[in-house]
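Subject: Structure for your review

Dear colleague,

Please find the structure below, followed by an account of what was found in it. I would be grateful if you read the two side by side.

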Amino acid sequence: MDVKNRTIFENDNLHVLRGLDTDSIDLIYLDPPFNSNRTFEASVGTEAAGASFKDFWTLEDLDNTSHGELAESEPELYHAISAAEFSHGKSMKAYLIMMSIRMLELFRILKPTGTLYLHCDDNASHYLKIMMDSVFGKDNFRNEIIWQRAITTKGNLKKGLARDADIIFRYSKSDTYVWNVEAVTIPYDMANLGEKTKRQYYCVEPETGRRFSHTSITAQTHDPDSHLTYEVMGVIRTWRWAEARMRREIAAGRIVQTRPGNVPRYKRYLDEQKGKRLNNIWVDIPNLTARSKERIGYPTQKPLALLERIIGASSTPGDIVLDPFCGCATTCVAAERLQRQWIGIDLSPKSFELVKSRLEQRRIIKQIIHRTDSPKLDKQNQTYKHTLFGIQEGKCNGCQTLVPFRNMTIDCVVAKSKEGTDAPDNLQLLCSACSSMKGNRTQEQLIQTLKDEGSSNEEVYEV
Ligand SMILES: C[S@@+](CC[C@H](N)C(=O)[O-])C[C@H]1O[C@@H](n2cnc3c(N)ncnc32)[C@H](O)[C@@H]1O
């Protein structure tokens with residue numbers, strides 16, 4: 001691949017992604033704008049000051065050509081996005097087209113064993129999941145992680161519940177993927193244990209201060225003739241172990257009797273337990289606050305601990321991690337700390353500057369590559385039909401009906417027989433019915449005929 005480890009691209013990620021090799025990336029994390037209808041700006045006086053990005057979307061923001069390409073290559077997904085437009089408006093359609101064309105590229109460049117994490121929130125998560133199921137296949141959905149980023153303590157909560165969580169979708173490209181269970185196992189923490197568990201782990205060994213619980217060492221069945229039936233600390237039982245093993249455990253101080261006469265039990269030290277496996281609700285990684293040491297003021301900067309968990313769980317040292325919306329490059333810093341290779345992409349010129357200074361501050365000074373170009377494109381199959389489809393927002397220019405890309409025909413507004421040309425400003429897309437209705441006639445005549453027939457502006461869409 002024409003891209004080296006530790007590269008930051010300052011560019012629109014679509015251009016860069018289109019030039020990356022198929023099946024080349026092990027792990028992708030993306031934290032794109034969430035369609036929150038606002039502009040984010042870095043705090044004044046912080047290292048990131050000057051950085052900003054917008055998070056409101058209109059169809060004018062889109063590249064019309066890729067709009068058409070999506071409709072051609074993924075008609076079902078385009079259909080679902082059109083449904084989102086009906087219930088949520090044009091802004092959602094624009095946002096989902098922007099996300100879908102990038103997600104198709106991300107899927108292509110992910111290795112067959114790779115994993116992708118999409119960070120979003122309830123502004124668009126319900127539509128994004130439909131998009132992900134369509135691009136990755138519903139069977140490759142692995143988790144919807146709820147990350148509790150804050151606990152709201154102020155603000156007007158009289159009318160509802162605080163929205164304190166983000167959503168992170170995990171999808172794999174196939175059913176063979178990297179999963180490191182240790183990265184999602186956290187040590188037991190007395191402060192977070194429930195009352196019942198606390199009572200269970202209440203015992204403290206006076207000599208060492210270590211906490212322990214005790215578990216039974218008696219056998220399920222009682223067999224007086226068994227060699228497992230013998231006396232321990234004045235109690236005769238059928239035990240789980242033979243006598244020699246029992247004597248060793250007693251000598252090691254691992255057998256306790258809570259009161260004289262009670263059945264002896266085995267000590268299990270808390271610090272020897274493997275820890276607790278996380279589920280899909282993550283409440284143990286707080287978001288950055290104004291006082292957090294790692295905060296550099298970049299809008300929506302994510303905590304390193306979150307990225308380290310994700311990278312640790314779904315990649316191995318040496319793997320290539322990509323963040324196509326890398327912001328202040330939190331993913332790149334986390335990947336560097338975990339000995340992974342990384343590539344970051346962001347429109348903001350601040351990303352390169354910030355990742356460089358973040359790595360320097362941590363004394364991980366490495367050569368970072370800053371590119372403003374895009375890797376070489378293998379194929380270019382966009383046509384003017386794709387662009388026209390985007391310009392017309394997927395609707396026939398006659399009856400104004402949403403029509404699948406393949407059923408659209410390029411028409412010369414002024415027919416060639418009447419000296420019309422092939423120049424872009426004389427071209428339009430019509431559905432097959434309108435195209436044959438128009439023939440060599442003028443556009444005005446077509447519209448009049450449609451009006452006379454009462455068939456303009458029908459909202460019919462069939463894939
Ligand atoms: C939510 S922020 C990412 C924050 C990041 N996770 C961090 O911890 O700093 C989204 C980023 O996407 C970038 N962005 C938006 N559209 C983009 C595009 N088409 N190509 C590349 N970057 C884009 C913005 O500049 C912004 O930095």
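Helices (H or I, at least four residues) and strands (E, at least two) are DSSP runs, numbered from the N terminus. This is a predicted model, in which local features need pLDDT of at least 70 and side-chain atom pairs count only at pLDDT 80 or more, while totals for chains, interfaces and linings use all residues. Residues are numbered from 1 along each chain as its sequence is written, and side-chain values use heavy atoms, with hydrogens and water left out.

I begin with helix 9. Just after this helix, Gln339 takes a positive phi of about 60°. Helix 9 spans residues 330-337, and seven of its eight residues are buried (under 20% relative accessible area, with a 1.4 Å probe and protein chains only), so the helix is largely enclosed by the rest of the structure. Among the buried residues are Thr330, Cys332 and Glu336. What do the buried residues of helix 9 pack against? Their partners, in contact through heavy atoms within 4.5 Å, include strand 1 (7-10), helix 8 (304-314) and helix 10 (350-361).

An N or O atom in the side chain of Thr330 is 2.7 Å from an oxygen atom of the ligand. The protein covers 96% of the 610 Å² of accessible area that the ligand has on its own (Shrake-Rupley method, 1.4 Å probe). Two further polar contacts (pairs of N or O atoms within 3.5 Å) may be noted: a polar side-chain atom of Asp12 lies 3.2 Å from a ligand nitrogen atom, and a backbone N or O atom of Lys302 lies 3.0 Å from a ligand oxygen atom. In total, 19 residues surround the ligand, each with a heavy atom within 4 Å of it; Asp31, Tyr298 and Asp346 are among the closest.

Five bridges join strand 9 to strand 13 (residues 265-269), and Phe212 has Tyr269 as its bridge partner.

Strand 10 and strand 11 form a hairpin with two residues between them. In the turn, Met233 has a positive phi of about 50°.

Yours sincerely

Definitions and conventions: Buried < 20%, exposed > 50% of the residue type's maximum accessible area, 1.4 Å probe, protein only. Pairing = 2+ DSSP bridges. Polar contact = N/O pair within 3.5 Å; in protein donor to acceptor, adjacent residues only side chain to side chain.
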